[in-house]
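Hi,

Here is the structure I promised to pass on. Have a look at it first, and then read on for what turned up when I went through it.

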Amino acid sequence: MAWVAAGTGDASNLQGIVVVEKTQISEQYFPAIQKFTVLDLGMVLLPVANQMEASCLIIQLVQEQIKEPRKNPFLGRKQTLISEPALLRTVQQIPGVGKVKAPLLLQKFPSIQQLSNASIQELEQVVGQAVAQQIYVFFTQSR
C-alpha cells in the first residue's frame, strides 16, 4: 500500500491531496480512509492502480498547475484566515456544524451576530438545507 500526501499552507498551491494505491489490503480500509481524508481533513483522495499511475498523476497535476492554474480542480481556493480561533471553536459547537462547515460559515458570516441573523436561505447556500435549519433553530430558540 502506498500513500502520497501533498499539502501546503500557501493558498495558491495544492491544498491537500492523498493518493492511495488500491490493493487487496488497502481495499478493506479504503472507506474509512476516504471518510477521514475527505470529511475530516477536507482533502482530495485519489485512488490509483499502482505507483506508476500515481507518479503520472502527480506530474500531470503539476503540469496543469503551471499551464492554467485557474482550471486545475485541485487547487485550493484562497481562504480568508479566521482571526480568532475561539470564534471558530464556538461556531463548531453549533449543532450540525463541526470542523468542516464552521470555516465555510465564517467566510460568509464573519461574526456570531451576522451568523445568528442569517436567514435559512442564506445559510442553505453555505451548508445545505438540513444544517441550515439546525443553525436557524439554534439561534432563534436561544433568544
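To begin with the contacts (heavy atoms within 4.5 Å): among those in the protein with a separation of 6 or more, 46% join residues 24 or more positions apart.

Before the details, a word on the source. This is a predicted model, in which local features need pLDDT of at least 70 and side-chain atom pairs count only at pLDDT 80 or more, while totals for chains, interfaces and linings use all residues. Residues are numbered from 1 along each chain as its sequence is written, and side-chain values use heavy atoms, with hydrogens and water left out.

**Confidence**

The predictor's confidence in each residue is given as pLDDT, from 0 to 100. Its mean over the protein is 76, and 76% of the residues reach 70 or more. Where pLDDT is low, the predicted coordinates should not be read in detail.

**Overall layout**

The protein has seven helices and three strands, where helices (H or I, at least four residues) and strands (E, at least two) are DSSP runs numbered from the N terminus. Their order from the N terminus on is β-β-α-β-α-α-α-α-α-α. The accessible surface comes to about 9700 Å², with 55% of it belonging to carbon and sulfur atoms; these areas come from the Shrake-Rupley method with a 1.4 Å probe, and for residues only the protein chains shown count as cover. Of the 143 residues, 26% count as buried. Buried here means under 20% relative accessible area, exposed means over 50%, and partly exposed is in between (1.4 Å probe, protein chains only).

**Links across the sequence**

Val 18 lies in strand 2 and counts as buried because its relative accessibility is 9%. Its C-alpha is 8.3 Å from that of Pro 47, a residue 29 places away in sequence.

Thr 23 sits in the loop between strand 2 (16-21) and helix 1 (24-40). With a relative accessible area of 24%, Thr 23 is partly exposed. Between the C-alpha atoms of Thr 23 and Asn 50 there are 8.5 Å, and along the chain the two are 27 residues apart.

Further along, Val 127 belongs to helix 6 and is buried, at 11% relative accessibility. Leaving aside neighbours within four places in sequence, Val 127 is in contact with Lys 101, Leu 105, Ala 132 and Ile 135. Val 100 is 27 residues from Val 127 along the chain, and their C-alpha atoms are separated by 9.9 Å.

**Side-chain pairs**

How many salt bridges does the count come to? It comes to one, taking a salt bridge as a side-chain nitrogen of Lys or Arg within 4 Å of a carboxyl oxygen of Asp or Glu. The partners are Lys 22 and Glu 27, whose closest N and O atoms are 3.3 Å apart. Lys 22 is partly exposed at 31% relative accessible area, and Glu 27 is partly exposed at 41%. Side chains of opposite charge can pair when their charged atoms come close.

The count of aromatic pairs also comes to one. Phe 138 and Phe 139 form this pair, which is edge-to-face, with 5.1 Å centre to centre and 80 degrees between the planes. The rule is that rings of Phe, Tyr and Trp (its six-membered ring) pair if their centres lie within 6.5 Å; planes under 30 degrees apart count as stacked, over 60 as edge-to-face and the rest as tilted. Phe 138 is partly exposed at 32% relative accessibility, whereas Phe 139 is buried at 11%.

**A surface patch**

Ile 58, Val 62 and Ile 66 make a nonpolar surface patch of about 260 Å². Patches are made of residues with over 30% relative accessible area and no salt bridge, with like charges joined within 9 Å and nonpolar side chains (Val, Leu, Ile, Met, Phe, Trp, Tyr) within 5 Å. Val 62 is found in helix 2 (residues 51-67) and is partly exposed, at 39% relative accessibility.

Best wishes
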